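User: I am new to this structure and would like to learn how to read its features one at a time. Could you take me through them, giving the general idea before each case?

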Amino acid sequence: MQTEATLAQSDVSELDLVKRCQAGETEAFDELVTRYRTRLFSMIYNMVHSEQDAWDLAQDSFLKAWKSIGRFRGQSSFYTWIYRIVMNVTIDWLRKKQVRGGGAEFDDAIQLTEVDPASKTVPKKEALPHEAMERDEIRGRIEKAIAQLSPEQRAAILMKEIEGMQYHEIAEALGCSIGTVMSRLFYARKKLQNLLRDVYENV
Amino acid sequence: MKTFEEKWTAWLDDQLRGRELSEFEASLPDKAAAEAEKAEAKKLGELLKRELSAHSLANEEFFSHRLREKITRENRAAARASDRQTATSSRWTIPRLLWAGAASLAVFLIFTVAVMHEKNPAEESQYLTQILNARVDPVVSPNATVSMFEVKQDRVTVLWTEGLQSLPADYAAK
């Protein structure tokens, strides 16, 4: 995480970049994209578990941000603002995908017992060394477990655990109350603990 | 008033302080089990951070390049739309619309008044008045008779006079 000093410094220059974007300078926006593209892509990938989809969604999110940057008033940090766009785009996409698929991939009613915690979810890759295989398997287990969460729970747990965001930042990014964020974290953790207990206990 | 879920989450993330912390811990039926679960949650968080945070974006420069292209297209489209908007608005500004409306209304009113005025029954012709005056003057024409045939539809009036001694001095058609 950034220290307060570096955060303040980066916020000042970030605000400057935003103002230049609002004046129509695409180079300034390019700079913001360079700063956030990897973090946002990684976040989206962890939500959708597909590189191609994550790439497209990241592009859509940045394009949407460019189109609406004139409405950014600096009441929150730029990265919270763009996270909100990313979350809206990604959660919307996940919801549509669920409707198209007709399934209940992240239905909260799914029983935790439906997933065998010991099940192998990633095929073995003979060419990879043992450690890499094991890691792929763990990653596959985690992705499968995260896929059991609702899009909002996924977003909350990933922003908290991976990005280290504060409750109020997550709430801003998801457009909900802090209480709702805490509640989503509670249920997301419970579910993930049930699904991944053997993984984090044995790693 | 925080719900249990909110307090539990805050407790796991070490966000409870002072009296709120002591009250919450005192309310836990099994503190040891709760502490074990807290430790598990920490392990889960560490696992997620370790396994999921290192997903890099391949072809970063290509990503930015594609985005720049899309933004350029977007800007062009926006500029075209803006031009169209400007062209349309310069042709039909609100004052111009008002003036055009007022002028149209004025032309309509003038036309309507003119047409209605023409359709009013024609006033009595000055010739008819003069002839009738001549007939009723017994000094000038004591035996004069005047017959009048009028077809209003065709706006034609025929005067048939007999015994008229002379035309009036001011007769317009003399």
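User: Where does Arg189(A) lie, and is Arg189(A) buried or exposed?

Analyst: Helices are DSSP runs of H or I with at least four residues, strands are runs of E with at least two, and both are numbered from the N terminus. Read in that way, Arg189(A) belongs to helix H8 of chain A. For burial, one counts the other C-beta atoms, placed from the backbone, within 10 Å of a residue's own: 20 or more make it buried, 12 or fewer exposed, and anything in between partly exposed. Arg189(A) counts as buried because it has 23 C-beta neighbours inside 10 Å.

User: Before going further, what kind of model is this, and how are residues and chains labelled?

Analyst: This is a predicted model, in which local features need pLDDT of at least 70 and side-chain atom pairs count only at pLDDT 80 or more, whereas totals for chains, interfaces and linings use all residues. Residues are numbered from 1 along each chain as its sequence is written, while chains are lettered from A and ligands numbered from 1 in the order in which they are written.

User: Which residues does Arg189(A) touch?

Analyst: Two residues are in contact if their C-beta atoms, placed from the backbone, lie within 7 Å. Leaving aside residues up to four places away in sequence, Arg189(A) touches Ile157(A) in its own chain, and Ala41(B) and Leu44(B) in chain B. Arg189(A) and Gln153(A), which are 36 residues apart in sequence, have their C-alpha atoms 9.1 Å apart in space.

User: How many residues does each chain give to the contact between them?

Analyst: Chain A contributes 32 residues and chain B contributes 29 residues. On the side of chain A that touches chain B, the elements giving two or more residues are helix H2 (26-48), H3, helix H5 (130-147) and helix H8 (178-202), and the largest share, eleven residues, comes from H8(A). To sort that side by class, Ala, Val, Leu, Ile, Met, Phe, Trp, Tyr, Cys and Pro count as nonpolar, Asp, Glu, Lys and Arg as charged, and the others, Gly among them, as polar. The side of chain A that touches chain B then has 17 nonpolar, nine polar and six charged residues.

User: What do the buried residues of H1(B) pack against?

Analyst: The buried residues of H1(B) are Glu6(B), Lys7(B), Trp8(B), Thr9(B), Ala10(B) and Leu12(B). They pack against H8 of chain A, together with helix H2 (18-27) and helix H3 (31-52) of chain B. After H1(B) comes Asp14(B), whose phi is positive, near 55°.

User: How many helices and strands does each chain have?

Analyst: Chain A has eight helices and zero strands, while chain B has six helices and two strands, with the pattern α-α-α-α-α-α-β-β along its sequence. Of the 203 residues in chain A, 35% are buried, and of the 174 residues of chain B, 10% count as buried.

User: Why do the buried residues of H3(A) line one face of the helix?

Analyst: An α-helix has 3.6 residues a turn, so residues three or four places apart point the same way. In H3(A), the buried residues are Ala54(A), Leu57(A), Ala58(A), Ser61(A), Phe62(A) and Ala65(A). Viewed down the axis of H3(A), these buried residues fall within an arc of 135° (taken from the directions from the helix axis to the C-beta atoms), so they line one face of the helix.

User: Which residues have the most contacts inside the largest nonpolar core?

Analyst: A nonpolar core is a set of buried Ala, Val, Leu, Ile, Met, Phe, Trp, Tyr and Cys residues joined through C-beta atoms within 7 Å. The largest one has 63 residues, and those with the most contacts inside it are Ile44(A), Ala156(A), Ile170(A) and Leu196(A). H2(A) supplies the largest share of this core, eleven residues. Not counting residues up to four places away in sequence, Ile44(A) touches Ala54(A), Leu57(A), Ala58(A), Val86(A) and Thr90(A).

User: Where is confidence lowest and highest in chain A?

Analyst: The predictor's confidence in each residue is its pLDDT, from 0 to 100. In chain A the lowest mean is 72, in helix H1 (residues 4-22), and the highest is 95, in H3(A). Over residues 104-127 of chain A the pLDDT is below 50, and this stretch has 29 contacts in the model beyond near neighbours in sequence. Chain A averages a pLDDT of 82, and chain B has a mean of 81. For the complex, the predictor gives an ipTM of 0.73 and a pTM of 0.64.
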